[in-house]
Amino acid sequence: MMARTKRSRRSYSAGEWGRNRVRVFTDPKTGLYQMEWRENGRRLTRSLKHRDWTRAKRQADEAAAAFASPGLNGKAEAEPEPLTLGMLFDIYAEEVTPAKGEKSRRHDRVATAMFLRFFGTDRRPETLSRRDWDRFIQARRAGRVGLSGRPVGDRTIEWDLAFLMAVLNWAERSNDERGRPLLDRNPLKGLRKPTEKNPARVVLTEEEYRALLGVSREVGWRFHVALVLAHETGHRIGAIRKLRWSDVDFEGREVRWRAEHEKTGYGHRTPVTDRALAALEEARQMSGATGDAPVLPPPTDAGTWISNSLALTWWNRAVALAGLEPKRGRGWHSLRRKFASDLMDLPLKVLCELGGWKDPKTVLRCYQQADSVQLRKALDSRSVGRA
């Protein structure tokens with residue numbers, strides 16, 4: 001089997017939005033550079049038929065200068081093209097989305113296509129209103145909008161609308177090349193997103209963890225190491241699977257969590273337990289890798305890390321091997337909730353530092369859950385104090 005060539009995702013823009021904007025980018029299929037511009041409201045592209053980045057940028061500059069020349073439509077300067085939702089989402093996708101994580105980038109693309117189909121590519125963003133907001137919520141709940149064509153819950157709708165609000169808020173704070181705001185104001189500011197009244201926030205029990213740990217090596221050493229690290233550090237599986245050996249300090253007994261691999265963008269270091277160090281030592285012996293190599297490479301490629309889908313496949317296999325009944329919401333993230341609940345007696349600031357939470361309110365609202373033993377202990381301590 002031939003190795004797949006990793007294509008560059010770089011892009012370069014010249015000119016001004018609504019006037020003479022020209023963008024060059026890589027064709028993901030051929031690797032050749034493409035040029036994109038707008039003409040009479042239509043988006044046009046053509047292949048530059050080469051892979052010379054410096055030459056492609058020069059061609060973009062030259063094309064932008066040609067579009068802005070005095071001979072354009074007989075005017076000294078073209079009138080700015082009114083901002084449409086299609087243009088706004090294009091700008092956001094070019095300038096903001098690439099800095100996000102893999103899952104967020106994928107959701108940006110899916111949500112963009114969904115909103116443009118629903119509101120229309122040529123819709124002016126400043127004309128959006130409460131009626132559009134409510135209409136979208138109703139259609140999404142009924143399954144009339146979205147890729148699956150199935151009804152979705154309030155949590156999914158909340159996530160979709162959070163993206164729309166992020167785009168509009170960003171446009172309100174961002175200027176074009178002439179120093180004018182892309183959007184004078186967010187027309188949907190202040191509208192409330194639907195929230196799920198009883199979200200499924202499952203906490204993995206100690207018995208369930210022990211059962212998974214007992215079969216973890218049957219799934220493979222990589223799953224065993226990931227399971228132990230998730231339990232002992234409380235971090236997301238997305239951050240754990242992207243650890244590199246250069247992030248692990250065996251002598252200092254700590255791990256560096258890189259900002260680019262954290263959902264919140266919060267880079268930090270945490271001490272680790274003896275169990276976590278033992279799991280990391282096992283991974284080092286099994287992989288034989290050092291330096292900047294991944295701690296958890298997939299079986300087929302030692303140069304990268306395991307995918308989220310592979311981690312989920314391993315989790316489901318372990319659940320089946322352990323004989324646990326399937327339960328909605330009991331996935332990798334239930335270990336993060338277990339970590340927060342197990343350490344409920346710690347000062348909240350300390351817990352946030354250990355688990356990589358930026359906002360203590362998030363821990364209280366979404367992660368910590370008191371069990372019956374803790375509730376009984378609290379009542380008993382109150383009774384002793386009043387005796």
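Two residues are in contact when heavy atoms of theirs lie within 4.5 Å. In this predicted model, 57% of the contacts with a separation of 6 or more join residues 24 or more positions apart. The chain has 387 residues, of which 42% count as buried. Its secondary structure comprises 14 helices and seven strands.

**Nonpolar cores**

The largest nonpolar core consists of 40 residues, and W315 and W332 have the most contacts inside it. Elements that each supply at least two residues of this core include the helices α6 (206-219), α7 (221-233) and α10 (308-321), together with β6 (254-257). The greatest contribution comes from α7, with eight residues. Beyond its neighbours within four places in sequence, W332 is in contact with F223, A226, L227, A230, I237, A311, L312 and W315. A second, separate core holds 33 residues, among them L83, M87, W133 and F163.

**Aromatic pairs**

A pair of aromatic rings is described by the distance of the centres and the angle of the planes. The model contains twelve aromatic pairs. In one of them, F89 and F163 are stacked, at 5.9 Å centre to centre and with 20° between the planes. This pair links distant parts of the chain, since F89 belongs to helix α2 (residues 85-95) and F163 to helix α5 (residues 154-173), 74 residues apart. Both F89 and F163 are buried. Another pair, F118 with F136, is edge-to-face, with 5.5 Å centre to centre and 80° between the planes. F118 lies in helix α3 (residues 102-119) and F136 in helix α4 (residues 130-142), so this pair ties together parts that are 18 residues apart in sequence. F136 has 0% relative accessibility and therefore counts as buried. Ring pairs also join F89, Y92, F163 and W170 into a cluster.

The charged end of R284 is placed over the ring of F250, 4.0 Å from its centre, and the charged end of K57 over the ring of Y12, 5.7 Å from its centre.

**Salt bridges**

Side chains of opposite charge can pair when their charged atoms come close. The structure holds 28 salt bridges, and the table gives three of them.

| Salt bridge | Distance, N to O |
|---|---|
| R21 and E95 | 3.4 Å |
| R23 and E36 | 3.4 Å |
| R38 and D90 | 3.4 Å |

R21 is in the loop between β1 (11-14) and β2 (22-26), whereas E95 is in helix α2, 74 residues apart. Why does R21 count as buried? Its relative accessibility is 15%, and buried means under 20%. E95, with a relative accessible area of 44%, is partly exposed.

R23 in strand β2 and E36 in strand β3 (residues 33-39) are 13 residues apart, and both R23 and E36 are buried. R38 lies in strand β3 and D90 in helix α2, so their pair ties together parts that are 52 residues apart in sequence. R38 is partly exposed, with a relative accessible area of 26%. Salt bridges that share partners join R21, R23, E36, E94 and E95 into one network.

Definitions and conventions:
Residues are numbered from 1 along each chain as its sequence is written. This is a predicted model: local features need pLDDT of at least 70, side-chain atom pairs count only at pLDDT 80 or more; totals for chains, interfaces and linings use all residues. Side-chain values use heavy atoms; hydrogens and water are left out. Helices (H or I, at least four residues) and strands (E, at least two) are DSSP runs, numbered from the N terminus. Buried means under 20% relative accessible area, exposed over 50%, partly exposed in between (1.4 Å probe, protein chains only). A nonpolar core is a set of buried Ala, Val, Leu, Ile, Met, Phe, Trp, Tyr and Cys residues joined through side-chain atoms within 4.5 Å. Rings of Phe, Tyr and Trp (its six-membered ring) pair if their centres lie within 6.5 Å; planes under 30 degrees apart count as stacked, over 60 as edge-to-face and the rest as tilted. A charge sits over a ring if NZ of Lys or CZ of Arg is within 6 Å of the ring centre and within 35 degrees of the ring normal. A salt bridge is a side-chain nitrogen of Lys or Arg within 4 Å of a carboxyl oxygen of Asp or Glu.
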